Amino acid sequence: MPTPSPIALPIRRLTFRDVTACADLSEDRGWPREEHKWGFLLTAGKGYGIDAPDGGLAAACVVTEYGPQGRPDLGAIGMVLVAERHSRQGVGRRLMRHVVSTMSPTPLTLHATPNGLPLYEDLGFKVIGRAEMLRGHFTPDGTESEVATRAATAEDLATLLRLDEEVFGSDRTPLITRLPAFADQLRVAEEGGRIIGYAAAWPNMDTHVVGPLIAHDTRTAKALLASLSAHTDRPLRTDIDVRHEELLTWAKKRGLASVAFNAVMTYGIPELPGDWSRRFAPLTVAAG
């Protein structure tokens with residue numbers, strides 16, 4: 001019997017039990033394995049995959065839903081990967097079409113690499129912005145911030161959920177409630193006894209990824225980024241909305257170098273909901 005093509009094989013839901021297979025797929029494409037992130041996304045969101053006839057996964061992606069359970073008002077697509085041996089056969093296109101159809105009529109968003117951009121544009125996604133990935137060892141400037149920061153506590157969670165919904169324009173409770181267990185650091189910024197921002201740093205291979213980074217203004221975002229850096233010896237990595245030019249310039253002076261740009265895209269809506277002026281960096285580009 002001939003080996004069936006992955007383009008004809010069924011698409012199935014992935015679960016936490018597929019973390020190793022997803023990490024193997026990442027490695028196959030030259031990405032870091034990122035098992036910690038895969039585990040988070042597969043529990044907080046919905047994974048979709050195609051099993052390869054010769055073992056492992058031929059393709060995979062994850063959708064993270066925002067809004068009321070069962071009635072999401074936004075879906076974030078990420079980790080769209082096709083095994084090298086099955087690339088350029090229409091497998092990724094078929095998986096994306098399945099996800100778009102399954103999520104309909106929910107609007108969608110994703111961060112696209114230059115390689116993936118043509119496919120997403122063909123499927124009807126529109127570029128609405130860009131994010132710049134930075135990476136490096138943060139060097140403090142030796143001055144004390146005027147914005148007070150501290151480690152978040154369990155008592156802060158309800159406030160963080162309200163603030164996050166204001167900034168993202170949608171309820172993200174399944175993501176945010178998992179942050180204390182997922183991240184190595186979760187810190188808040190305060191002014192007059194009121195929380196005006198928060199940020200997390202979570203482990204990803206040899207780096208700490210800063211995200212989400214939510215702040216009242218650039219001054220607060222700087223304070224949160226500096227406070228996270230003070231509690232780790234690892235390089236930092238983050239993806240900052242390019243509209244936040246002041247924060248990008250400052251971070252580069254502090255030792256973070258530009259690595260790449262991703263296009264922010266939407267499907268079904270002209271812009272992302274919420275307040276971009278307080279949304280400096282996503283939790284991860286795979287989940288928004």
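Guide: Buried means under 20% relative accessible area, exposed means over 50%, and partly exposed lies in between, with a 1.4 Å probe and protein chains only. Helices (H or I, at least four residues) and strands (E, at least two) are DSSP runs numbered from the N terminus. This is a predicted model, in which local features need pLDDT of at least 70 and side-chain atom pairs count only at pLDDT 80 or more, while totals for chains, interfaces and linings use all residues. Residues are numbered from 1 along each chain as its sequence is written, and side-chain values use heavy atoms, with hydrogens and water left out.

Visitor: Which residues of H8 are buried?

Guide: They are Thr218, Thr220, Ala221, Ala223, Leu224, Leu225, Ser227, Leu228 and Ser229. Nine of the twelve residues of H8 are buried, so the helix is largely enclosed by the rest of the structure.

Visitor: And how far does H8 reach from its first C-alpha to its last?

Guide: Helix H8, residues 218–229, reaches 17 Å, close to the 16 Å expected at 1.5 Å a residue. The expected span is 1.5 Å times one less than the number of residues.

Visitor: Turning to the aromatics, how many aromatic pairs are there?

Guide: Rings of Phe, Tyr and Trp (its six-membered ring) pair if their centres lie within 6.5 Å; planes under 30 degrees apart count as stacked, over 60 as edge-to-face and the rest as tilted. By this rule there are five aromatic pairs. One of them is stacked, because the rings of Phe40 and Phe182 have centres 4.1 Å apart and planes at 25°.

Visitor: Where do Phe40 and Phe182 lie?

Guide: Phe40 is in helix H2 (residues 35–44) and Phe182 in helix H7 (residues 179–182), so the pair ties together parts 142 residues apart in sequence. Phe40 is buried at a relative accessible area of 5%, and Phe182 counts as buried at 5% relative accessibility. Phe182 also forms a tilted pair with Trp202, at 4.9 Å centre to centre and 35° between the planes. Trp202 belongs to strand E9 (residues 194–204), so this pair links parts 20 residues apart in sequence. Phe40, Phe182 and Trp202 form one aromatic cluster.

Visitor: What pairs with E8, then?

Guide: Two strands pair if DSSP finds at least two bridges between them. Strand E7 (residues 148–151) runs antiparallel to E8, joined by four bridges, and Thr149 stands opposite Ala189 in E8. E8 and E9 pair in the antiparallel sense over seven bridges, with Arg187 opposite Ala199 in E9. E8 and E9 form a hairpin with two residues between them, and Gly192 in the turn has a positive phi of about 60°.

Visitor: Is E8 largely enclosed or open, and why?

Guide: Five of the seven residues of strand E8 (residues 185–191) are buried, so the strand is largely enclosed by the rest of the structure.

Visitor: What about the backbone geometry elsewhere?

Guide: Most residues other than glycine have a negative phi, and most peptide bonds are trans. Here a cis peptide bond joins Ser104 and Pro105, with omega about 5°, and another cis bond joins Gly211 and Pro212, with omega about 0°. Pro105 is in the loop between helix H3 (91–103) and strand E5 (108–112), whereas Pro212 is in strand E10 (residues 207–215).

Visitor: Which residue has a positive phi near 50°?

Guide: That is Glu34, found in the loop between helix H1 (19–28) and H2. Glu34 counts as buried at 5% relative accessibility.
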